[in-house]
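Colleague: I would like to learn how to read side-chain contacts in a model. Can you walk me through a case?

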Amino acid sequence: MEQPAQPTRTLRCQRRLLWLLGALTVLSLFLWLLCLSLPLLVGRQVQRILDDASTKGSWQFSISRIGLFSTDFRLLVPDSDDPDGDPWLEVASGQLSYRPLALLRGKVGAVRLDGIQVELRWQEGGWILPAARSLRRQSAAETTAVPTGPRTWLDCLQALPVRMDEVSLSGVLSLHLENESSVMPFRLQLQNLTDWNAHDIQLYARTVLGGNSARLRAALRPSDGRFTLAADIALQGDSLPRPWRRQLPAQTAVQGHLTLNGQWNDLTSLPEQLNLALPLQIAAGSADWELTGQPSLSLRRAGDRVTLQVQNLHWRWQQQQSVQLDKVEIEADLTDGGLSGGILLVQENQPAQQLRLSGGWTAPAATNAVERLLALLRGTAKVELQVQLEADNGELKLNLLGYELTGQKPELRLSWTGGDAAAAEAAVQLNEFTLRRQQDCLIGRQLAAGVQFSGREWSLQGTLAGLTVGHGDWQAESSGIMLATQGKAADLQGRLNAAAVSVAGPELELQFPGCDLTLTGTLPDNRGGGHYSGRLALKDGRMQERRTNLTVEEISAELPFFWPLPDSSAGANGYLQLARISRGKDALGHLRLDCTWGPDGLQTQGAAVLLGVQAALTGALRVQTDGTLRAETALQLPRQALPNNLPVREWLPAWHDLELAAELEGAAHFRWESGRLAGGASLEVTDLSASSAAHKLSLRGGRLALEFPHLPEIATAGSQRLSCQELNLGRLQFGSGMVLFRIDNPRLAYLESLRLDWCDGTIRTSSIKISPDSDRLLLTLYGDRLRLPAILGQFGFGSADGEGRISGSLPLLLSRDNIRFRDGFLYSTPGETGQINLQPSDLVRSTAGSSEQMQLALEALQDFSYNWVRLALNTDAESLQLSLQLDGKPNQRLYFRPQGGGFVKSEVANDFQGLALNLNIKVPLQEFLRYYGNWQKLTN
């Protein structure tokens with residue numbers, strides 16, 4: 001009866017086996033389908049992430065490979081204004097690293113962008129990052145409500161659309177400043193962005209620029225908001241880009257280490273704990289001053305009290321006087337808004353000066369420190385400050401910047417009440433004050449100034465009984481200085497005047513009976529508007545310069561101004577006039593500028609005549625749409641002949657008989673905008689001729705073209721041209737020539753090339769740097785196909801005819817008071833013969849004297865055919881040594897015969913089939929040294 005149980009167990013095992021086989025089949029099928037679809041799912045997820053990162057097509061991704069664990073791509077953001085130009089942003093190599101299943105959940109392991117190239121430009125007074133234009137701007141419908149409660153670090157991390165463990169960026173940032181570009185490599189890494197529960201988020205950044213570097217390491221624990229930061233900086237001012245370098249002292253070096261730590265959970269509140277330490281090593285200065293030291297700056301917050309402290313900063317002026325900022329400590333109580341502190345100044349051989357700062361701010365509606373600070377920023381808090389000197393007698397005495405400053409009972413009071421009943425008041429008072437440094441002195445009497453503001457009414461008043469400024473033998477005085485301005489409702493009235501103004505020195509005196517500035521206007525109301533007008537008046541001024549006996553009389557000016565600009569020119573005219581410019585009894589010229597205010601701004605035009613040179617002047621002052629000012633001015637010299645009454649004898653005493661004639665034409669323009677001055681100028685002199693019988697100088701067909709494209713920087717464009725058709729310097733006669741040059745600054749110039757026709761050939765030079773700071777200059781002249789007989793004639797050998805060309809180099813060493821040839825050699829072309837017919841000069845014959853070898857050479861050179869020739873030039877103190885070597889055949893019989901390895905005179909004329917000649921002679925250089933000395937005086 002029990003036997004059927006065995007088939008039942010067998011049947012159950014078979015069913016279980018079948019179910020297991022079915023499950024394995026389904027699982028295998030699922031894994032097979034997953035393996036087939038996983039690459040497609042990964043590709044779609046990667047594409048979705050990159051599409052979300054793209055900004056409506058402006059970011060162009062080029063995917064080179066999509067794998068199960070990583071994706072390689074390139075990124076390009078083209079210039080929307082110039083698609084064919086350089087892109088705004090370029091990433092040469094980008095990679096996403098991930099695990100496939102984690103990627104499907106929106107998690108990326110690492111993002112690495114290498115070879116980043118991005119631009120940063122300084123334009124129109126601000127920084128512009130062109131790549132930022134490609135960022136998407138959300139429309140109003142896309143914006144979401146911002147939570148009103150505090151936002152923690154955790155909230156910010158969880159709000160990211162894609163979670164990443166690590167971000168790595170490296171590349172170069174191209175800085176474009178004015179006309180200079182610099183490349184700054186950088187590297188940035190963020191780690192532990194998703195695993196912050198176990199490890200802190202780490203930040204590492206580094207960049208270098210020339211000799212400057214910055215390195216930063218930071219750690220953040222989002223769970224409790226604790227953070228630490230450490231940074232090292234090194235700054236060398238002379239290795240920064242030129243636009244930044246101009247803003248720094250001549251020598252600047254800063255090194256420092258910054259550490260910052262604290263706790264900051266709530267992003268909308270102040271850090272609950274904050275400790276900042278910034279030890280530095282500073283070295284900056286110029287020829288007149290230096291700032292050195294190892295200052296220590298610290299900022300600490302404990303509860304509701306914040307303390308700022310600065311110590312150990314030294315400032316030395318002209319290596320004589322120094323000031324040490326020994327300690328500055330300011331403490332603010334965030335609970336009651338109290339502010340207190342002290343400043344201790346320590347000077348050499350002077351008692352320490354202790355300044356006390358007291359006051360505070362109150363915001364009745366504030367319930368915590370953040371609301372109190374916001375009330376202060378909004379201007380609804382009440383602020384009161386007072387600065388006093390801690391001294392029994394109330395006398396302030398400082399030796400600052402090399403000046404001794406003394407004052408009696410200085411006092412400064414400031415107060416402000418915001419809100420609907422806004423009111424402000426400030427007052428400064430100093431009965432007597434003196435600022436003195438050796439022979440320099442500034443003395444003022446009874447200085448008092450105060451300003452009050454309440455609602456729509458305000459007033460400003462200031463008086464200064466007298467002001468005297470002295471500097472050595474110079475002194476300026478002004479008396480009765482008064483300033484009064486007031487506004488009530490919509491009216492504004494103001495006036496500044498001085499009873500008399502004068503400036504006097506050993507050689508200059510300037511006087512004005514008085515100056516007056518008036519201002520009227522209407523303040524803007526809640527509907528906008530408001531307009532202002534005023535006028536500055538100066539009359540009957542006089543200036544006299546005693547050394548040159550130059551006098552400018554009847555100086556007068558009336559300069560109006562308006563805001564906004566008037567819709568017509570009626571009543572908006574002004575002028576500046578220098579009616580008479582004279583020297584002794586000789587009238588030199590005059591200047592007149594007329595100005596007109598109109599809807600487009602201030603327009604000026606005028607004319608000037610000085611030393612017979614006529615010039616036209618125009619200018620404009622415009623207000624841009626953003627409210628900034630832009631000024632332009634232009635000077636035009638129309639084509640005109642060089643005046644005959646130029647005082648050449650006074651300018652160049654050594655060239656008293658110099659005669660000049662030329663045509664000149666020029667122009668200059670300047671533009672001032674956003675606090676920056678820029679401009680350019682050009683000058684062209686044509687048909688220049690000059691002659692001086694005393695110096696045996698003549699020049700014909702001269703022409704000079706100069707262009708300064710980047711004023712006020714004294715630098716020309718390249719290939720400036722100076723040329724002439726003919727130039728004669730004593731015996732030296734030159735044909736047409738041209739010099740190409742450029743000027744980098746007043747202390748540096750480059751001779752790009754020189755070409756000068758001489759002796760039926762050409763002289764050239766290569767590029768060379770010229771600086772007046774250099775005591776010596778080596779210049780090499782290259783002679784090409786120079787005719788030998790002409791060279792001998794111009795160097796004083798005598799009159800010469802014939803053919804024969806030589807070439808070579810002539811090194812010239814120019815010093816401050818001398819000119820020398822150093823191993824100059826000119827050779828004939830191999831295989832090329834020549835002919836010389838020389839009639840020796842008296843100097844050469846006297847040099848030959850009783851030397852039969854020299855006499856033989858002079859006789860042979862009267863009719864000589866040579867196979868080769870070499871001319872060597874060297875100089876000693878005051879003479880030029882010429883060594884002429886030839887090998888050839890005299891074309892006539894000579895009354896000489898060989899004897900003892902040399903030659904002696906003979907009563908019988910003999911034929912010479914081959915003859916080697918060596919002729920040495922010294923030519924005095926006094927004439928050339930005089931030319932060079934006069935040129936040095938002229939250029940210096």
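**Reading the side-chain contacts**

Modeller: Start with Phe 73, which counts as buried because its relative accessibility is 5%. Buried means under 20% relative accessible area, exposed means over 50%, and partly exposed lies in between (1.4 Å probe, protein chains only). This is a predicted model: local features need pLDDT of at least 70, side-chain atom pairs count only at pLDDT 80 or more, and totals for chains, interfaces and linings use all residues. Residues are numbered from 1 along each chain as its sequence is written, and side-chain values use heavy atoms, with hydrogens and water left out.

Colleague: How is a pair of aromatic rings described?

Modeller: By the distance of the centres and the angle of the planes. Rings of Phe, Tyr and Trp (its six-membered ring) pair if their centres lie within 6.5 Å; planes under 30 degrees apart are stacked, over 60 edge-to-face, the rest tilted. The count here is 4 aromatic pairs. In one of them, the ring centres of Phe 61 and Phe 73 are 5.7 Å apart and the planes are at 65°, so the pair is edge-to-face. Phe 61 is in strand E1 (residues 60-66) and Phe 73 in strand E2 (residues 70-77), 12 residues apart. Strands (E, at least two residues) are DSSP runs, numbered from the N terminus. Phe 61 is partly exposed, at 24% relative accessibility.

Colleague: Which ring has the charged end of Arg 742 over it?

Modeller: The rule asks for NZ of Lys or CZ of Arg within 6 Å of the ring centre and within 35 degrees of the ring normal. Here the ring is that of Tyr 750, with the charged end of Arg 742 at 4.2 Å from its centre.

Colleague: How many salt bridges does the structure hold?

Modeller: A salt bridge is a side-chain nitrogen of Lys or Arg within 4 Å of a carboxyl oxygen of Asp or Glu. The structure holds 26. Among them, Asp 72 pairs with Arg 65, with the closest N and O atoms 3.2 Å apart. Asp 72 is partly exposed at 22%, and Arg 65 is partly exposed at 34%.

Colleague: Which strands do Lys 539 and Glu 558 lie in?

Modeller: Their side chains form a salt bridge at 3.9 Å, N to O. Lys 539 is in strand E31 (residues 531-545) and Glu 558 in strand E32 (residues 550-563), 19 residues apart. Glu 553 and Arg 542 also meet in a salt bridge, at 3.7 Å. Glu 553 lies in strand E32 and Arg 542 in strand E31, so this pair ties together parts 11 residues apart in sequence.

Definitions and conventions:
Helices (H or I, at least four residues) and strands (E, at least two) are DSSP runs, numbered from the N terminus.
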